[in-house]
Amino acid sequence: MGSLNVMKHALVPVHHLVPEEDEEEILEKLDARKDQLPKILKADPALKQLIEKHGDIKKGRLIQIDRISKTAGISKAYRLVVERE
Amino acid sequence: MIRRGIAKRVGAIRFAYMSPEEIRRLSATKIITPDTYDDDGFPIEMGLMDTHLGVIEPGLRCKSCGGRVDQCSGHFGHIELAMPVVHVGYVKEIKKLLRSTCSECGRILMTDEEREIFISEMDGLRKLGGDPLDIRKLAKEIAFTARKSSICPHCDGQQLKIMLDKPTTFREENTKLTPKEVRARLEKIPDRDLIPLGLNPEFVRPEWFVLKVLLVPPVTVRPSITLESGDRSEDDLTHKLVDILRINHRLRENRDVGSPQLIVEDLWDLLQYHITTYIDNQTSGIPPARHRSGRSLKTLIQRLKGKDGRFRQNLSGKRVNFSARTVISPDPWLSINQVGVPVRAARELTVPMKVTAENIELIREMILRGPEPWEKGKYKPGVNYIIRPDGRRIRLTETNAETVAEKVEVGFTVERGLMDGDIVLFNRQPSLHRMSMMAHEVKTVPGKTFRLNLAVCPPYNADFDGDEMNLHVLQSEEARAEAKVMMMVQEHILSPRFGGPIIGAIQDHITGLFYLTHKNPLFSRRDVVSIFSNLVTEGSPEAITVDGERMWLGKDIFSHFLPEGLNIQLRSSICESCDTCKKRDCENDAFVVIEDGKLITGTIDESSVGAFKGDIVDKIARDFGTTEARIFIDRVTTLALGVITLKGFTTSIQDEDLPKMSVKQIEDTLLEAEEEVKEMAQAYRDGELEQMPGRTLQETLEVMALQKLGKARDNAGKIASKHLGLGNNAVKMARTGARASILNLTQMAGALGQQAIRGERPSRGYDQRTLPHFEKGELGAGARGFVKSSYKEGLNPIEFFFHSMGGREGLVDTAVRTSRSGYMQRRLINALEDLMVYDDASVRNPADTIIQFKYGEDGVDPMRSIKGKAIDMDDILMDMYAIKRERGE
């Protein structure tokens, strides 16, 4: 069975890897520490696709998710990469 | 960083297990006798009611601390068990430990290197915030990996499979493990091996999970009650403890005299049963312990758990003082901010007043008037209690009024009855949203019911068919201020649910305003005086002169109550949605234009002032403030009632009368549709029906029939409404949105139409037919629940039956829905109750973890939004044009 690319599914929002140098600025804007962000599992199918693109993503990196939102057009959310729940 | 302001923060709470030594240390006395009282009714030493455990009878003193009933909160005791017994609450933990450690040497089933890796992982998790749930989960995973090896890496011992025979028996392959053996194994596990298994050896040892000593709660926890007959009735827990003591005694005796193993084991099992049910009497797999009457005992877990448990019943919710409950009834002369409180309630409910140098004279006068003063037959607030600075309360009576008044000094507190203008909270259950509890201003009224303005019925979802409501009197100045600013009814005119008004005109108000404004009728001086007779207002509406007489136009009267500078355009509810809207030149007078607070064209109805829909109310609340909106609602509803009282309004079954010709026409349409369905059914049987994509042949027929018959009813409705114009009172109500809908009228005048069960035509009941009155396999309209009659004509028995089927479904649905949505809401509230929106619009929990980056993703407060949107461009433009017009540009 060929591997399924979940990113192509209409219901999966766009995931980006946040460049390490941008992290500080984003955290400042959010007024939050890294451990206060929601988490994303390294085993998440969406993250697997990103790893294919960027190479290994270490835990502690940030992922940006752009969602189409009924109220705000596009809304940005951030996730902290963690290894296990 | 604004999100601080926590006065005190709990650093940590640790729940840990008690060791046998700790239990003994805590114990005030050892308990050995199952008897409670001696023949004289005194507690027996070392019995379950030993006075070392505290006292429950007045006069006695606690032997441990010497305190009396109200001073001593009780002390724990203990029972030494003859044989160890498993604690039901920890069987899962014990199973996990037994399986993941060696049965021979007690070491965890992994090499030391593996163990250290897991320990560091545990440590890492603890440091990273360490949610107990996460730790438990990791421990479970580690235990699972350990369990996989069947040979101990430390002593090469073979590991047998350990099973748990619910609820409390352990088995290794086919031999039973006694609690004693279980305990011995748990004792062998070294401290460091506990860490990867989720236990902290500093605070807990696993062998404690098998009880050797049982903690006995103080008597104050399980008080006995003395019945009128003089008999004592013991608490359920005491009963259970008596059982435990009895069996424990027998077990010890049998063990000591060396009875056969079988008897000892039986008694041991019985002790296990009693201790298990003492802790949890609803353990699955064992019958609950019962009272002699057959009622099952309420033991430890039952005291805490569920709706009637300690948490939900006594800690999350409590009974309150300073509250009242009675039937509600309507009062159109009250403001929406007010609530009518009957005199009897006003006398009983009190507000504390601090006596100061400024008000002491006033308070003296009040006290002199006594507890129940009247002035010319009118209610006056009285004083019920005087509280001295030392906390002593003096009840005020007619006789002691004078002496008490003299005694009052600055620093006293006086509890006076309710007064007009006091702020109280008013509530109707179910409290489904925040508008279910609002602050009102008190207005004392005669009678025995609470009164409220009709416009506040929608937020409370109240009617007057016997509804009762609760009232709470605020006791502190801060609470009153807070309630006034945030909870006053006028602050809730706009609902956060949909960003529109939830308070507005209803029913007769809307009909009244329709009469006032539709097609701009003329009112004589006499009429206007009558309409205005109950209104409080400044000035009078502009008059015009007709045939030398002063007359008033309806729209001018309405305009009199609009705030100056209001500009708005909207379509009335009566708008027929023509293809091209003629706006101001609408023949139906359905296009509302208000310029600078003057109603130029249009009919005022539900979409202007109604609850849920009223755009004018919405705009006034938004642009002119809540006070202005309250005044508008108060006045306009009273105005509408003035008009409708003047005009008179009624509806009857005659409103659904149709000319003979139309009745015939409707009949023909329905017959025709019926015939067509019959043909379709025939085509289906002959296999000539064309199948629709994605549907079976039968589904195709059902869909087509449903469509056809649906259309037939609509056509019948259309024919009916052709003869029912705006001159008809029933139609007036439906079209303006005052009450009922056009569909209701169609069903009364035309035909009821298809009855549906689960969205389909009824098909079950008898073999291949719905009722024995039809042929087997009949698929026609009538055989499948189509009702040709109207409510007015009346239904024939078969139709009536189908109608009842549909009605029952509706009833069941609502019953199921309410219970399910109630539970769903409970879970939601529990999950969300401590989330907060911070000033950067992020939603966070108390740990400051982000739940949502921006509230609602756009950061808009729905209550201050315009129908969910942050801004309404059209509205802003209209205001701009108005300014331009003023400037003459």
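This is a predicted model: local features need pLDDT of at least 70, side-chain atom pairs count only at pLDDT 80 or more; totals for chains, interfaces and linings use all residues.
The interface may be approached through its contacts. On the chain B side, 16 residues take part, and they meet 16 residues of chain A. Together the two chains bury about 1300 Å², of which 45% lies on carbon and sulfur atoms. Within the area that chain B buries against chain A, 43% is supplied by Ile850(B), Phe853(B) and Glu857(B), more than by any other three residues.

The polar side of this interface can be stated briefly. Five residue pairs are in polar contact across it, with both residues of each pair at pLDDT 80 or more, whereas the rule finds zero salt bridges between chain B and chain A. Helix H4 of chain B, residues 132-147, gives the most to the side that touches chain A, contributing three residues. By class, that side of chain B comprises nine charged, five nonpolar and two polar residues.

Two packed helices are described by the angle between their axes and the distance between the axes. Helix H2 (residues 91-100) and helix H5 (residues 179-188) of chain B pack at an angle of about 60°, and their axes are 10 Å apart. The crossing of H2(B) and H5(B) is left-handed. From H2(B), the contact is made by Ile94(B), Leu97(B) and Leu98(B); from H5(B), by Val182(B), Arg185(B) and Leu186(B).

How values were computed:
Residues are numbered from 1 along each chain as its sequence is written. Chains are lettered from A and ligands numbered from 1 in the order in which they are written. Side-chain values use heavy atoms; hydrogens and water are left out. Contact means heavy atoms within 4.5 Å. Buried area is the accessible area (1.4 Å probe) that two parts lose on being put together, summed over both. A salt bridge is a side-chain nitrogen of Lys or Arg within 4 Å of a carboxyl oxygen of Asp or Glu. A polar contact is a pair of N or O atoms within 3.5 Å; within protein, one must be able to donate a hydrogen and the other to accept it, and residues adjacent in sequence count only if both atoms are side-chain atoms. Helices (H or I, at least four residues) and strands (E, at least two) are DSSP runs, numbered from the N terminus. Ala, Val, Leu, Ile, Met, Phe, Trp, Tyr, Cys and Pro count as nonpolar, Asp, Glu, Lys and Arg as charged, and the others, Gly among them, as polar. Axes are lines fitted to C-alpha atoms, for helices over the stretch in contact, and angles run from 0 to 180 degrees between N-to-C directions. A crossing is left-handed if the near helix is turned anticlockwise from the far one by less than a right angle, and right-handed if clockwise.
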